[in-house]
4 protein chains.
Amino acid sequence: MTTPDYGRAFALWRQAAGAGWDAYVQHDFVRQLAAGTLPRDSFLHYLQQDYVFLLHFARSWALVFAKSDRLSEMRAASGIAHGLLNGEMPLHVEICGREGITEDMLQQTPESPANMAYTRYVQATGYGGDMLDLLAALAPCVFGYGEIGLLHADSGGPYGGWTATYGGGDYQRICLEVGRLIDSALEARLGPDWPALPRAATLARQFAQATQLEQGFWQMGLDRT
Amino acid sequence: MTTPDYGRAFALWRQAAGAGWDAYVQHDFVRQLAAGTLPRDSFLHYLQQDYVFLLHFARSWALVFAKSDRLSEMRAASGIAHGLLNGEMPLHVEICGREGITEDMLQQTPESPANMAYTRYVQATGYGGDMLDLLAALAPCVFGYGEIGLLHADSGGPYGGWTATYGGGDYQRICLEVGRLIDSALEARLGPDWPALPRAATLARQFAQATQLEQGFWQMGLDRT
Amino acid sequence: MTTPDYGRAFALWRQAAGAGWDAYVQHDFVRQLAAGTLPRDSFLHYLQQDYVFLLHFARSWALVFAKSDRLSEMRAASGIAHGLLNGEMPLHVEICGREGITEDMLQQTPESPANMAYTRYVQATGYGGDMLDLLAALAPCVFGYGEIGLLHADSGGPYGGWTATYGGGDYQRICLEVGRLIDSALEARLGPDWPALPRAATLARQFAQATQLEQGFWQMGLDRT
Amino acid sequence: MTTPDYGRAFALWRQAAGAGWDAYVQHDFVRQLAAGTLPRDSFLHYLQQDYVFLLHFARSWALVFAKSDRLSEMRAASGIAHGLLNGEMPLHVEICGREGITEDMLQQTPESPANMAYTRYVQATGYGGDMLDLLAALAPCVFGYGEIGLLHADSGGPYGGWTATYGGGDYQRICLEVGRLIDSALEARLGPDWPALPRAATLARQFAQATQLEQGFWQMGLDRT
């Protein structure tokens with residue numbers, strides 16, 4: 001198994017997160033999803049929570065936009081936030097619809113604690129800090145789905161559509177773009193030797209904490225809580 | 001002269017701002033612009049500062065997106081922020097280019113105090129409060145340009161392109177859309193009788209203060225400071 | 001068992017949270033604490049996490065201060081934030097010290113997911129909204145400890161010091177003060193009929209969600225996770 | 001004339017601000033204040049605006065507290081914010097009272113554009129960035145008053161009380177404390193070589209922009225606008 005190359009920050013943060021990263025990308029939910037053995041109810045519970053998640057995720061990318069001070073960063077963040085709202089969300093609604101979960105049900109989903117935990121961690125970190133803090137907290141979601149997708153792109157089975165999406169070229173290109181955005185944002189502010197600065201430890205910790213909360217998101221799917 | 005109908009909140013806030021509103025939309029800069037007597041250097045100074053302004057304006061609309069909790073609001077805000085970045089900004093760069101102001105010059109514009117004053121007022125109000133506070137501070141810019149545009153749409157002359165743009169259908173539609181967004185956001189949170197709540201006075205004051213700072217923006221153009 | 005009277009908002013929000021409120025204030029962790037049967041390790045785990053919690057709690061009250069626009073609110077929030085830092089935190093360090101948990105250990109506590117979940121929910125809600133949103137998210141902690149303290153003030157036993165503190169006059173006065181702060185902040189912004197406004201449902205939901213995450217905090221103590 | 005030694009960041013930022021710093025600390029308002037020739041009405045106008053300023057200044061220091069993640073920083077920021085509210089503000093009210101400006105008049109002061117410009121710049125910079133951005137924007141106020149006070153501590157005359165306060169030991173100690181807070185916050189995050197990082201230029205620009213807006217505050221006093 002090779003680690004995807006989403007850039008320098010990801011490589012460093014992933015390594016620093018250590019076993020926490022593996023516990024996230026190799027979580028039982030993910031294994032069962034890839035193996036096709038995940039109970040349908042778990043998948044549906046996850047899908048429904050993911051709708052609420054996507055709203056918060058889009059708002060968080062909008063916050064990246066608001067907190068950027070370079071035009072290229074604003075463009076990248078706007079593209080992602082806008083794309084989430086106008087591309088990924090309608091697609092998600094459609095996928096849920098096929099599973100019998102109507103848009104009305106989606107909008108009335110009671111948000112699970114694990115969902116609140118990760119999404120609010122991202123937002124609190126982003127509002128409380130600057131754009132880099134926000135990106136470090138967002139990164140585990142973007143890259144984790146990318147790594148999982150790559151690993152299981154061809155798994156097929158009942159959830160093969162899901163893994164093919166995240167393992168596919170479109171999503172992998174987003175991961176590469178976000179990787180470049182993060183690396184370039186770091187270097188533009190902290191210089192090429194940023195990993196040696198004390199702040200690098202804070203960013204790595206934010207990545208690791210967000211990773212831990214993402215792991216809780218999978219567990220929520222498994223437990224249907 | 002009729003007042004444009006951009007909705008209920010605008011009508012109330014505009015009235016509450018009183019003479020301050022007139023001092024803004026009938027500022028000498030605007031009169032001279034419409035009459036074609038505005039010194040070229042004033043217009044160019046304004047254009048150059050407006051580039052920096054647009055960046056902050058787009059970021060502020062991204063913050064509306066981040067602070068919305070209704071999908072329709074997120075969509076509207078994202079559309080505006082994304083459109084500013086990918087439509088209005090390139091157009092602005094092109095217009096400036098025709099006047100001999102290169103993109104490089106635009107990016108190195110030293111931000112004038114009046115520019116900082118309005119843009120940071122909007123952002124401080126938005127971060128410090130909720131989406132409604134932010135919208136009240138953004139409104140004078142959106143609607144003021146609309147009202148000025150309507151009034152002088154056919155003024156022609158050396159700056160006739162500018163007035164025609166803001167008086168034109170595309171921009172007027174944006175004003176109507178923002179008017180609906182604000183009215184609907186207010187009603188969804190504060191109910192149909194929101195103008196009777198104490199909070200209405202705070203929102204009106206934010207609108208009036210932002211209007212006062214927008215007036216300073218015109219003065220900056222006139223003074224080339 | 002009577003419900004403590006911490007004001008109008010608390011009464012409404014508590015009722016709206018329904019079974020979620022009971023699940024929080026009557027959590028097994030609390031019952032065992034009052035009965036003296038809580039495993040020592042659970043209590044120590046809780047104490048250590050509570051140190052990290054208090055830092056975030058103090059910062060959240062500082063945010064109330066930053067987001068207030070009335071002098072009386074700023075004074076109340078500053079008093080609480082300042083008191084947490086300079087009164088409650090040193091006391092907490094002392095109590096932990098007696099249990100063999102040094103200040104150094106406290107500062108190196110790895111923050112548990114349940115701890116992140118509640119504290120970041122409060123901050124994300126506060127930054128993303130206005131002072132009222134922030135207060136609604138802070139309220140379950142302040143008032144829940146007050147209600148638990150009142151109920152078990154005389155429980156005695158190995159954890160009798162804890163329950164006596166929160167059931168005691170000093171802490172109960174803080175609850176009353178915070179109750180008045182919240183009621184007065186609501187009325188000053190939304191008028192006396194605020195419970196009838198749509199926004200009241202949002203505030204009640206924020207209170208209920210934060211309550212759910214506080215419940216997770218007790219569970220963390222029990223599970224030592 | 002010697003430059004006060006408020007630490008490393010101040011020395012660098014002050015130098016980078018260049019003529020803008022001199023234009024602020026040697027502004028005509030300040031010269032006339034020290035010479036005793038400042039019109040009484042200008043001083044009273046300044047005092048009244050300064051009341052509104054102090055509220056925003058205290059809130060901004062509360063935001064430093066909220067955005068700190070080190071206990072020593074939280075303590076320092078809380079001390080300043082709390083001291084402003086409970087020490088400097090009552091004193092300010094008392095001084096104004098002696099000049100015939102009642103507390104009621106103070107609370108109804110219409111905020112001048114120059115006042116909004118500086119205070120909102122600080123808050124927008126602070127919310128939009130992290131604690132360092134906020135400190136860079138706050139620094140010109142703290143240190144500028146210190147430098148002016150030192151220079152004119154013994155000027156005497158009708159405004160001798162003002163200059164003696166800021167030139168006095170108590171205020172100078174605050175400047176030293178804030179200088180240490182900033183230097184230590186920078187080093188703890190960006191390491192000892194932070195002035196060589198790209199981010200140093202951003203911080204210096206924020207300091208320079210805030211200095212420019214502080215200059216506008218003096219001009220407002222002179223113009224009574």
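How close do the axes of helix α8 and helix α10 of chain C come, and at what angle do they cross?

A quick word on what you are looking at. This is a predicted model, in which local features need pLDDT of at least 70 and side-chain atom pairs count only at pLDDT 80 or more, while totals for chains, interfaces and linings use all residues. Residues are numbered from 1 along each chain as its sequence is written, with chains lettered from A and ligands numbered from 1 in the order in which they are written. Helices are DSSP runs of H or I with at least four residues, numbered from the N terminus.

So, to the opening question. The axes of α8 (residues 131–152) and α10 (residues 169–190) of chain C come within 10 Å, and they cross at roughly 155 degrees. Axes here are lines fitted to C-alpha atoms, over the stretch in contact for helices, and the angles run from 0 to 180 degrees between N-to-C directions. That angle makes α8(C) roughly antiparallel to α10(C); the term applies to angles over 145 degrees. The crossing is left-handed, meaning that the near helix is turned anticlockwise from the far one by less than a right angle, whereas clockwise would be right-handed. On the α8(C) side the contact includes L135(C), A139(C), V142(C) and G146(C), and on the α10(C) side it includes C175(C), V178(C) and I182(C). Contact means that two C-beta atoms, placed from the backbone, lie within 7 Å.

Now compare a pair in chain A. Helix α7 (residues 113–128) and helix α8 (residues 131–152) of chain A pack at about 165 degrees, with their axes 7 Å apart. α7(A) and α8(A) are therefore roughly antiparallel as well, but the crossing of α7(A) and α8(A) is right-handed. Y121(A), V122(A), T125(A) and G126(A) of α7(A) meet D133(A), L134(A), A137(A) and L138(A) of α8(A).

Staying with α7, let's switch to the copy in chain C. α7(C) has 16 residues and reaches 21 Å from its first C-alpha to its last, close to the 22 Å expected at 1.5 Å a residue; the expected span is 1.5 Å times one less than the number of residues. How many of the residues of α7(C) are buried? The count is 16 of 16, and the helix is mostly covered. Buried means 20 or more other C-beta atoms within 10 Å of the residue's own, exposed means 12 or fewer, and partly exposed is in between.

That brings us to the contact between chains A and C. Here 14 residues of chain A are in contact with 14 residues of chain C. On the chain A side, α7 and α11 (198–223) each supply at least two residues, and the largest share, 9 residues, comes from α7(A). A rotation of 180 degrees with 0.0 Å of shift along its axis superposes chain A on chain C, with an RMSD of 0.0 Å. That is the relation of a two-fold axis, and 100% of the contact residues of chain A recur in chain C. The superposition is by least squares on C-alpha atoms of residues with pLDDT of at least 70 in both copies.

Chains D and A have their own contact, with 12 residues from each chain. In chain D, α10 and α11 give two or more residues to that side, and α10(D) gives the largest share, 3 residues. Chain D can be laid on chain A by a turn of 180 degrees and a shift of 0.0 Å, again with an RMSD of 0.0 Å. D130(D) comes closest to the rotation axis among the residues of chain D, at 2.4 Å for its C-alpha. The copies meet through the same surface, since 100% of the interface residues of chain D are also interface residues in chain A.

Let me finish with a few single residues. R224(A) has a positive phi of about 50 degrees although it is not a glycine, and its place is in the segment after α11 of chain A. R224(A) is partly exposed, with 13 other C-beta atoms within 10 Å.

Last one: V30(D), in helix α3 (residues 28–35) of chain D. V30(D) is buried, with 22 other C-beta atoms within 10 Å. Leaving aside residues up to four places away in sequence, V30(D) touches V25(D), I148(D) and W218(D).

Conventions:
Angles under 35 degrees count as roughly parallel, over 145 as roughly antiparallel, 65 to 115 as roughly perpendicular and the rest as oblique.
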